[in-house]
Amino acid sequence: MTFRLGSNIDSIRAQRRFSDATGKVSQAYERLSSGVRINKAADDAAGLAVSCSLTSSSLVFAKGLKNINDGLSFLNLAQGALTELASITDRHLVLAEQAANGVYNSTQRKALQDEANALVDEYNRIVSSTSFNGQTVFSGDGPREVRIQFEYGVEGSIAINLGASLSRTIGTGTFGTPVSYNAGGEPDSATMADYNGDGLLDLAVGDDSSSSVGIFIGNGDGTFKNRVNYSVVGGSDSIATADVNGDGVLDLVNRNVTTSAFSVLLGNGNGSFKAQVTFAVAGQGQGFVLGDFNGDNRVDIIGTSYS
C-alpha cells in the first residue's frame, strides 16, 4: 500500500501570518493597558535597561523632592524658634538700656533684673526643647548637623549646621590641666567682671605682699593677658566690683589689710583704673560687702572689724 504525505503550503503560510497578527495585537493591547511601550525584554532589551534606570532615578528624585519638603518644614520650625530667641535678646538690650538710666530706684531695678532673669530661662528653654519629629533642633552639646538628601550620595545632599552659637556645654564634674598666672606673692582674693567693656570676663586679684591689685584682661578663651598692677596702700585682703560713682563703669573696692581704710579704684572703662582713693574706717578688718542698704541708689559698704 502506498501513502503520500503532502503539505498545504498556503494553509501554513496563512497560519503563520495569523500568529504574527495575533502577537502584534496582543502586544498592542499590552501597551495600551500598561501605558508603556516596553513591558518585557522581548519588546526591546536595550530599551528595557534604559527604562529601568530611568524608572529608578524617577523614584529616587520623587523621594528627594519629599525630603526637600520635609527639610523646609524643619527649617521653618528652626526659623520660628530663632525669631523668638532674637526677640528675647532684643528685649534684653532694651532692659539693659533702661536699667542704665539713673532715675530708677532699687525696687524698680530689681523688677528689671527679675524680667531679665526670666528671659534667660525662657531662652535656654527654647534652645533645649525645640524639636522636630522627636529630635532636638538645637543640640545641647554643640552644633547640630542636619543633612537634606535629594539625590544620590553625599554630593546629592545639603548639610545644614544649626545651633553653633546656641550650644550648651554640659560638664562632667572633671577639670582640664591647670594653667597658672603670676598673681603676686600673696594673692588673697579675686573677683571677675568685664572691666574693659569687650563682653569678656576679666580678673582682678588682690596681692597683699606687693600692696597692689592685679588686673588680668581676658581673651575670651579661658586665657588672660599679662597682669597690670595698681597700688593700694596697706596691702589687699579682699576686693569687690561695683559701679560706686554711678558713671556706668565698673570700679574696684579694696580692703586694706594693715590700715583702717578702704581703697576705691575708679575704672576708666577700658580695663585701666585711676589711682586709689582711701576712706578711713574704725578698726582693722578683712571681710566686707557692697550694696544699696539705704535705698538711695548708691553703693554702700559694710565692713567687719576685729580690733
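Residues are numbered from 1 along each chain as its sequence is written, and side-chain values use heavy atoms, with hydrogens and water left out. Because the model is predicted, local features need pLDDT of at least 70 and side-chain atom pairs count only at pLDDT 80 or more, whereas totals for chains, interfaces and linings use all residues.

The secondary structure comprises three helices and 14 strands; helices (H or I, at least four residues) and strands (E, at least two) are DSSP runs, numbered from the N terminus. Of the 307 residues in the protein, 27% are buried, where buried denotes under 20% relative accessible area, exposed over 50%, and partly exposed in between (1.4 Å probe, protein chains only). The accessible surface amounts to about 19,500 Å², and 56% of this belongs to carbon and sulfur atoms; areas come from the Shrake-Rupley method with a 1.4 Å probe, and for residues only the protein chains shown count as cover. Among contacts with a separation of 6 or more, 39% involve residues 24 or more positions apart, a contact being heavy atoms within 4.5 Å.

The loop between β6 and β7 contains S211, which has a positive phi of about 50 degrees although it is not a glycine. S211 is partly exposed, at a relative accessible area of 25%.

Four bridges join β11 (residues 261–265) to β12, and A261 has A280 as its bridge partner in β12.

A search of the whole structure finds four salt bridges, defined by a side-chain nitrogen of Lys or Arg within 4 Å of a carboxyl oxygen of Asp or Glu. In helix α2, D70 and K66 lie four residues apart, about one turn of the helix, and their side chains meet at 3.4 Å, N to O. Helix α3 (residues 106–129) holds K110 and D114, also four residues apart, with the closest N and O atoms of this salt bridge 3.2 Å apart. K110 is exposed at 52% relative accessibility, whereas D114, at 39%, is partly exposed. R125 and E122, three residues apart in helix α3, form a salt bridge of 2.7 Å, N to O.

On the surface, L65, I68 and L72 form a nonpolar patch with about 260 Å² of accessible area together. Patches consist of residues with over 30% relative accessible area and no salt bridge, like charges being joined within 9 Å and nonpolar side chains (Val, Leu, Ile, Met, Phe, Trp, Tyr) within 5 Å. I68 is located in helix α2 (residues 45–99) and is partly exposed at 33% relative accessibility.

How values were computed: Pairing = 2+ DSSP bridges.
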